[in-house]
Amino acid sequence: MAILDKIYYVARLDILPGRRADAEQAMRELAAFVEVVEPQLLVYHFYVDQAGATMTVLALHPDAASLELHLELGGPKFRTFVPLARMRSVDVYGNPGPDALDRLHGLAELLGGAPVTVHTRLAGFTR
């Protein structure tokens with residue numbers, strides 16, 4: 001796995017009023033599901049801000065194929081977030097490829113129509 005193939009993914013969602021506990025439970029269930037069915041996924045974390053109003057998803061995929069698989073397998077599970085949160089933004093660092101990018105746009109639309117922004121690596125290193 002080449003370092004430049006890795007895909008970093010950050011999504012921010014606004015938790016709907018009164019739905020924090022349900023959103024947190026859905027996060028735990030999704031993380032447990034992904035841990036079992038996607039052993040290739042390197043990092044998959046959910047964070048909630050101090051106010052309990054914003055959820056952030058942080059993922060590190062070894063390559064675009066991993067992101068595509070995640071979006072395929074997780075598709076039905078992502079629907080549980082429709083009554084719980086609205087996606088604010090999706091930022092992808094690296095080249096997700098056209099299939100994963102299409103799926104990301106679909107996910108963003110499902111959860112409120114957030115913009116999906118792809119960031120191309122310019123410089124830097126990973127140790």
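Visitor: How many aromatic pairs does the count come to by this rule?

Guide: In this predicted model, the count comes to two aromatic pairs. Tyr 44 and Phe 46 form an aromatic pair with 5.4 Å centre to centre and 80° between the planes. Phe 46 and Phe 81 form an aromatic pair with 6.4 Å centre to centre and 15° between the planes.

Visitor: Why is the pair of Tyr 44 and Phe 46 called edge-to-face?

Guide: The angle between the planes is 80°, and planes over 60 degrees apart count as edge-to-face. The pair of Tyr 44 and Phe 46 is therefore edge-to-face.

Visitor: What makes the pair of Phe 46 and Phe 81 stacked?

Guide: Planes under 30 degrees apart count as stacked. The planes of Phe 46 and Phe 81 are 15° apart, so this pair is stacked. The pair links distant parts of the chain, with Phe 46 in strand E2 and Phe 81 in the loop between H2 and E4, 35 residues apart. Tyr 44, Phe 46 and Phe 81 form one aromatic cluster.

Visitor: How do you know whether Phe 81 is buried or exposed?

Guide: Buried means under 20% relative accessible area. Phe 81 has 4% relative accessibility and therefore counts as buried. Tyr 44, with a relative accessible area of 15%, is buried by the cut-off of 20%.

Visitor: Why is Ser 89 called buried?

Guide: Ser 89 has a relative accessible area of 16%, which is under 20%, so Ser 89 is buried. Ser 89 lies in strand E4 (residues 85–93). Leaving aside neighbours within four places in sequence, Ser 89 is in contact with Val 10, Ala 11, Arg 12, Ala 114 and Pro 115.

Visitor: Why are H1 and H2 called roughly antiparallel?

Guide: Helix H1 (residues 20–37) and helix H2 (residues 64–78) pack at an angle of about 150°, and their axes are 11 Å apart. Angles over 145 degrees count as roughly antiparallel, so H1 and H2 are roughly antiparallel to each other. In this contact, Leu 30, Phe 33, Val 34 and Val 37 of H1 meet His 70, Leu 73, Lys 77 and Phe 78 of H2. The residues of the contact divide into six nonpolar, one polar and one charged.

Visitor: What makes H2 and H3 roughly parallel?

Guide: H2 and helix H3 (residues 97–110) pack at an angle of about 25°, with axes 9 Å apart. Angles under 35 degrees count as roughly parallel, and H2 and H3 are therefore roughly parallel to each other. The crossing of H2 and H3 is left-handed. The residues of this contact divide into seven nonpolar, no polar and four charged.

Definitions and conventions. Residues are numbered from 1 along each chain as its sequence is written. This is a predicted model: local features need pLDDT of at least 70, side-chain atom pairs count only at pLDDT 80 or more; totals for chains, interfaces and linings use all residues. Side-chain values use heavy atoms; hydrogens and water are left out. Axes are lines fitted to C-alpha atoms, for helices over the stretch in contact, and angles run from 0 to 180 degrees between N-to-C directions. Helices (H or I, at least four residues) and strands (E, at least two) are DSSP runs, numbered from the N terminus. Angles under 35 degrees count as roughly parallel, over 145 as roughly antiparallel, 65 to 115 as roughly perpendicular and the rest as oblique. Contact means heavy atoms within 4.5 Å. Ala, Val, Leu, Ile, Met, Phe, Trp, Tyr, Cys and Pro count as nonpolar, Asp, Glu, Lys and Arg as charged, and the others, Gly among them, as polar. Buried means under 20% relative accessible area, exposed over 50%, partly exposed in between (1.4 Å probe, protein chains only). Rings of Phe, Tyr and Trp (its six-membered ring) pair if their centres lie within 6.5 Å; planes under 30 degrees apart count as stacked, over 60 as edge-to-face and the rest as tilted. A crossing is left-handed if the near helix is turned anticlockwise from the far one by less than a right angle, and right-handed if clockwise.
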